[in-house]
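Hi,

Here is the structure I said I would pass on. Have a look at it first, then read my notes below.

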Amino acid sequence: MGWKIALSMLLLPGLVGMTQLVSYSSQPGDVGQSMPMLLPHNLSGVQSFEDANQTTVLVFYHPHCPCTRATIRCMERMIASFASQPTIIAYAFVPSGETDHWIESETTDNLRSFGNVSIVADHNAKACRQFDVATSGHVLVYNDSKLSFSGGITPSRGHEGNCDSGVAFLNSVNGEAEDRREWPVFGCAIVSPSEGA
C-alpha cells in the first residue's frame, strides 16, 4: 500500500504540470475590438503602398515568441494554395530601447524565406496599436481594402496542423466569402489590453 502512495506522490506533480501545459496551450491571447474595417492608406513603417484591387495580408509577431513559429510554418505551407500572390507585410515588434537588430530570429528568417514578404520593424508596437493587435501571430487579411479575416491560423499555442481558422484564412486570401471573420489568436502578448490602440 505504501508504494502506491509513494508512486502517486511522484506522479501527481507531473499530472498537474501536464494539465497546466494543456490549459496554457489552448488559452488564446487578447484580441482587440477596434481594428480598422478598411485598410488605412498610410501603413506604419511602409514608405509606399498600393492597396487597390488586391489582397493584403498583415502579420503581427513577436520575433522571440516560440508560439509564433507554428503560425509562420502554417502560412508557409498554405502559400502554394494561394490563388494569386497577395501583398504580405510582417510587423516585427521591437520594444523600447532596442534596435532593428532585435528582430533577428528563426521566425524572421522563416518569413524572409517566403521571398515575397516585407518585414517592418515595429518600434514600440506602433503598427500593433494602429490595428489594435495585442498578440503575436495575429493575422489580418484585407480584400479590396476591406477586412475579411482577423485572428490566428493555428489550433493552439505552438501547434501546427489543420484548423478551422487556417481554412478561413486561406479562403479569405483566395477571395472566398466566409461567414465568420474573427478568430482566436494563440501567441505571446505584444502589448497589454491597456496599451491598445
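Start with Val141: its opposite number in β5 is Phe149. Keep in mind that this is a predicted model. The two strands here, β4 and β5, run antiparallel and are joined by five bridges.

Now zoom out to the whole sheet. It is an open one made of five strands, in the order β3-β2-β1-β4-β5, with mixed pairing. Who is at the edges? β3 (117–123) and β5 are, and each has a single partner strand, so one side of each has no neighbour in the sheet. From one strand to the next, the twist averages 20°.

β1 and β2 run parallel, joined by six bridges, and Val59 has Ala90 in β2 as its bridge partner. To get from β1 to β2, the chain passes through α2, and this β-α-β crossover is right-handed. β2 and β3 also pair in the parallel sense, over seven bridges; here Val94 has His123 in β3 as its bridge partner. This time the chain crosses through helix α3 (residues 106–112), and the β-α-β crossover from β2 to β3 is right-handed. As for β2 itself, seven of its eight residues are buried, so the rest of the structure largely encloses it.

Next, the helix to look at is α5 (residues 164–173). Is it enclosed or open? Eight of its ten residues are buried, so it is largely enclosed by the rest of the structure. Among the buried ones are Ala168, Phe169, Leu170 and Val173. They pack against β1 (55–61), α2 (68–78), β4 (138–143) and β5 (146–151). The helix lies across β1, β4 and β5, and it runs at about 30° to β4. Just after α5, look for Gly175, which takes a positive phi of about 80°.

If you skip its neighbours within four places in sequence, its contacts include Val139, Leu140, Val141, Ala168, Phe169 and Trp183. Phe149 and Phe169 are both buried. Their ring centres are 5.7 Å apart and their planes are at 65°; an angle over 60 counts as edge-to-face, so that is what this pair is. The pair links distant parts of the chain, with Phe149 in strand β5 and Phe169 in helix α5, 20 residues apart.

Which residues have the most contacts inside the largest nonpolar core? They are Val57, Met75, Phe149 and Phe169, in a core of 25 residues. The elements giving two or more residues to this core are β1, α2, β2 (87–94), β4 and α5. There is also a second, separate core of 20 residues, which includes Met35, Phe60, Leu140 and Leu147.

Last, the other aromatics. The structure holds six aromatic pairs. One of them is Phe93 with Trp102: the centres are 6.1 Å apart and the planes at 85°, so this pair is edge-to-face. Phe93 is buried, with a relative accessible area of 11%. Ring pairs also link Phe60, Tyr91, Phe131 and Tyr142 into a cluster.

Cheers

Methods
Residues are numbered from 1 along each chain as its sequence is written. This is a predicted model: local features need pLDDT of at least 70, side-chain atom pairs count only at pLDDT 80 or more; totals for chains, interfaces and linings use all residues. Side-chain values use heavy atoms; hydrogens and water are left out. Buried means under 20% relative accessible area, exposed over 50%, partly exposed in between (1.4 Å probe, protein chains only). Helices (H or I, at least four residues) and strands (E, at least two) are DSSP runs, numbered from the N terminus. Contact means heavy atoms within 4.5 Å. A nonpolar core is a set of buried Ala, Val, Leu, Ile, Met, Phe, Trp, Tyr and Cys residues joined through side-chain atoms within 4.5 Å. Two strands pair if DSSP finds at least two bridges between them. Axes are lines fitted to C-alpha atoms, for helices over the stretch in contact, and angles run from 0 to 180 degrees between N-to-C directions. A crossover is right-handed if, with the strands pointing away from the viewer, the path from the first strand over the helix to the second runs clockwise. Rings of Phe, Tyr and Trp (its six-membered ring) pair if their centres lie within 6.5 Å; planes under 30 degrees apart count as stacked, over 60 as edge-to-face and the rest as tilted.
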